[in-house]
Amino acid sequence: MTDNLGELTAAGVAVWLDDLSRVRLSSGGLDQLRREKHVAGVTTNPTIFAKALSDADEYNWQLRDLATRGVEVEEAVRMLTTYDVRWACDVMRPSYDGSAGVDGRVSIEVDPGVAHDADKTVAEAKALWWLVDRPNLFIKIPATEEGLSAITDTLAEGISVNVTLIFGLDRYSAVMEAFLAGLEQAKANGHDLSTIGSVASFFVSRVDAEVDKRLEKVGSEQAKSLRGKAAVANAQLAYERYGEVFSSDRWKALADAGAHPQRPLWASTSTKNPDYRDVIYVEELVAPGTVNTMPEPVIHAYADHGETRGDTITGSYDAARKVFADLESVGVDLADVIATLEREGVEKFEASWQELLDGVRKSLTAAASGKGSPNKAAKGNAKAAEKAGNA
């Protein structure tokens, strides 16, 4: 029987799971995915935690304890989420050890409400790093303009970072610059660079969703023929920039000091348009040194019928640039597309975080009253957060 996920891994793509819950941990489901489906890392976000909290009684004992102690809602969220992430880090530790610290990583996000405050972002990152206290943790920091300096300063502290919410090529280049500067400062601060990891989460399907909407509005046959092409082209050109940066002399000096490259991570890889192949954002983005974080249904879909055709990115750059030129020719303003996605991305993250806070607040109130199941109080908020869309 063909091991499609094994072939994907052999092609240089690390398979990560974009989901986490206490049920998945307590049932052994995450460890099973690690052992049987080549899952080598985990990403989380507020929407995932809001849904997890509403779906399982496993949180009730902790919610009751937190309510008894009178813990504020923000601190309760930290306690609930870091508990799960710490557990997941332990489950993924064999992947971390087996890959010399490259894989086996689990991500937890800073409060998106501080995305435009660099100092608060760094302080939050340090607090989460201390709370989880596992070497295979990633702190997720949004790639806002203010986030760039926070990325550098966090890495300089020896803290591993997952840079999230990257949509455009110029911002991606700025993220790689922030990474290099952070490692240079970390080295100057005496940190062991071999222990510091990073990925740059480049969002995929949302690009097609926004561009396709604009192509439909244009309405011409030429415009319609370009649907479903922008996201892959955008990611392919991002990988071209990755290759340029991580073959530079500046990078080689860091590599000689033990540093690992900041891998491109393809995020938002579930297909939003049912007319598209359900594994398109996996099959079309295969290249060495990349990560693809997928919801579990996409992992199973690829295991069932995904096709690994070797490197589908390198050598595609001219074709990708032609897609960009064709989009501009029919009136799609790509700069505006990226600006819109960046703005909406932060707004959606903030909305999801607020829904998580509201859900935990209701759960704490229910726990304090002693009436009913605390986690059930969060169900409405979890559904609202899921609708906001964080994947």
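Reader: How do the residues of the lining of the second largest cavity divide into nonpolar, polar and charged?

Author: That lining has six nonpolar, three polar and three charged residues. Ala, Val, Leu, Ile, Met, Phe, Trp, Tyr, Cys and Pro count as nonpolar, Asp, Glu, Lys and Arg as charged, and the others, Gly among them, as polar. The model is predicted: local features need pLDDT of at least 70, side-chain atom pairs count only at pLDDT 80 or more, and totals for chains, interfaces and linings use all residues. Residues are numbered from 1 along each chain as its sequence is written, and side-chain values use heavy atoms, with hydrogens and water left out.

Reader: What makes a residue such as Trp353 part of the lining of this cavity?

Author: On a 1 Å grid over the protein atoms alone, a cavity is a set of points where a 1.4 Å probe fits but cannot get out, and a pocket is an open set with protein on both sides within 12 Å along at least five of seven lines; lining residues have an atom within 4 Å of a point. Trp353 is listed in the lining, so Trp353 has an atom within 4 Å of a point of the second largest cavity.

Reader: Which helix gives the most to this lining?

Author: Helix 6 does, with three residues. Helices are DSSP runs (H or I, at least four residues), numbered from the N terminus.

Reader: How much space lies in the second largest pocket?

Author: About 270 Å³, where a volume is the space filled by probe spheres set on the points, joined across faces, edges and corners. Among the residues closest to the centre of this pocket are Gly168 and Leu334. Helix 18 supplies the largest share of the pocket lining, six residues.

Note on methods: Helix = DSSP H or I, 4+ residues; strand = E, 2+ residues; numbered from the N terminus.
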